[in-house]
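Please read the points below with the model open beside you.

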Amino acid sequence: MIPLFARREDYLIRASIIEDRRSAKNLMKLLLHACCGPCSLEPVRLLQAAGHTLSLAYMNANIHPPSEYARRLTTLATWAANEHLTVIEGAYDKDAWEQQVGCFGNAAETREDRCRACYRLRLEEAAHYAASHGFEGIATTLSVSPYQYTALIEEELKRAAAAEKIAAVFEDFRPFYPQATQASKALGMYRQNYCGCRYSAIEAACEREQRADERRARKQAERSAHAAQREEAETQRLAKKRARQEYAAKQTAKRIAKDRLRNQKHTEDPSENTTSNTKETLHENQ
């Protein structure tokens with residue numbers, strides 16, 4: 001077999017060219033904060049296609065309960081192993097989450113602040129790990145979901161990266177959410193139905209119930225509309241039937257009236273009957 005590079009100098013030249021191209025495109029060794037398996041599919045594909053070298057950081061102390069945390073981690077790790085990607089698990093520090101995020105409660109008016117604090121906690125952990133382990137930058141899969149605060153995610157990613165003096169690679173992956181959904185279903189991945197924290201579980205359940213109520217209301221409105229249409233159609237049918245019956249009754253009355261008129265004429269003009277009888281007698285004699 002002929003070696004790819006016959007001389008060490010050739011190898012060094014080639015490596016230098018690759019490094020120059022890599023630098024020119026701002027390609028980096030990235031730590032990708034991954035919230036779950038399904039949301040990681042498209043970011044990994046796109047960032048790898050751009051030339052970045054990736055490792056995944058599962059740093060999500062927000063996820064509740066612990067069984068849900070473990071299930072999402074298993075889903076991510078199983079898929080990542082097939083893709084030859086390393087998954088780095090962070091500290092599952094529920095106390096830190098409660099102190100920094102849980103304190104905002106589940107009121108609707110504090111939801112945005114609560115989510116920002118949650119992004120901050122997780123992305124700061126990822127950025128600190130990245131800076132301490134030779135990564136050049138960080139990215140996140142959080143921006144896949146159309147249900148997240150994308151602008152806040154970008155702000156917190158850049159903030160965390162700047163504090164650690166590494167690059168922030170932010171991408172708005174929301175346009176690829178349908179592809180991620182379809183691909184994760186095709187792979188048979190576990191797909192959670194809430195963001196992760198105990199508050200989001202309650203909110204998601206309420207939203208699902210609200211959507212269910214709206215669907216029931218729409219169906220009831222449709223049934224009522226169809227019932228009204230059927231009632232109107234039946235009313236029109238009966239009206240046409242009555243009109244036909246009334247018309248038939250009028251026609252019958254007209255025929256009866258004509259018959260009576262003819263009978264009355266015969267009764268009032270007996271000569272006509274006599275003439276008719278004479279004609280019949282003559283015809284018989286002939």
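1. Buried means under 20% relative accessible area, exposed over 50%, and partly exposed in between, with a 1.4 Å probe and protein chains only. Helices (H or I, at least four residues) and strands (E, at least two) are DSSP runs, numbered from the N terminus. In helix α2 (residues 41-49), the buried residues are Leu 41, Glu 42, Pro 43, Val 44 and Leu 47.

2. This is a predicted model, in which local features need pLDDT of at least 70 and side-chain atom pairs count only at pLDDT 80 or more, while totals for chains, interfaces and linings use all residues. Residues are numbered from 1 along each chain as its sequence is written, and side-chain values use heavy atoms, with hydrogens and water left out.

3. The protein has 9 helices and 5 strands. Read from the N terminus, their order is α-β-α-β-α-β-α-α-β-α-β-α-α-α. Of its 286 residues, 33% are buried. Contact means heavy atoms within 4.5 Å. Among contacts between residues at least 6 apart in sequence, 71% join residues at least 24 apart.

4. What covers the buried residues of α2? The cover includes β1 (29-33), β2 (53-58), α3 (66-82), β4 (137-140) and α7 (177-186). After α2 comes Gly 51, with a positive phi near 105°.

5. A nonpolar core is a set of buried Ala, Val, Leu, Ile, Met, Phe, Trp, Tyr and Cys residues joined through side-chain atoms within 4.5 Å. The largest one here has 46 residues, and Leu 31, Leu 47, Leu 56, Trp 79 and Ile 138 have the most contacts inside it. At least two residues of this core come from each of β1, α2, β2, α3, α5, β4 and α6 (150-164). The element that gives the most is α5, with 6 residues. Apart from this core lies another, of 8 residues, among them Trp 97, Leu 121, Cys 197 and Tyr 199.

6. Leu 56 shows how such a residue is surrounded. Leaving aside neighbours within four places in sequence, Leu 56 is in contact with residues including Leu 31, Val 44, Leu 76, Trp 79 and Val 87.

7. A pocket is found on a 1 Å grid over the protein atoms alone, as an open set of points where a 1.4 Å probe fits, with protein on both sides within 12 Å along at least five of seven lines; lining residues have an atom within 4 Å of a point. The largest pocket has a volume of about 860 Å³, the volume being the space filled by probe spheres set on the points, which are joined across faces, edges and corners. Of its 35 lining residues, Ser 145, Tyr 147, Gln 148, Tyr 194 and Cys 195 lie nearest its centre. The helices α5 (111-132), α7 and α8 (198-268) each supply at least two residues of the lining.

8. Leu 27 is in the loop between α1 (8-24) and β1. Is Leu 27 buried or exposed? Leu 27 is buried, with a relative accessible area of 14%. Its C-alpha atom is separated by 9.7 Å from that of Gly 137, 110 residues away along the chain.

9. Some backbone details deserve a check. The peptide bond from His 64 to Pro 65 is cis, with omega near 0°, and Pro 65 lies in the loop between β2 and α3. His 84, in the loop between α3 and β3 (87-89), has a positive phi near 60° though it is not glycine. His 84 is exposed, at 73% relative accessibility.
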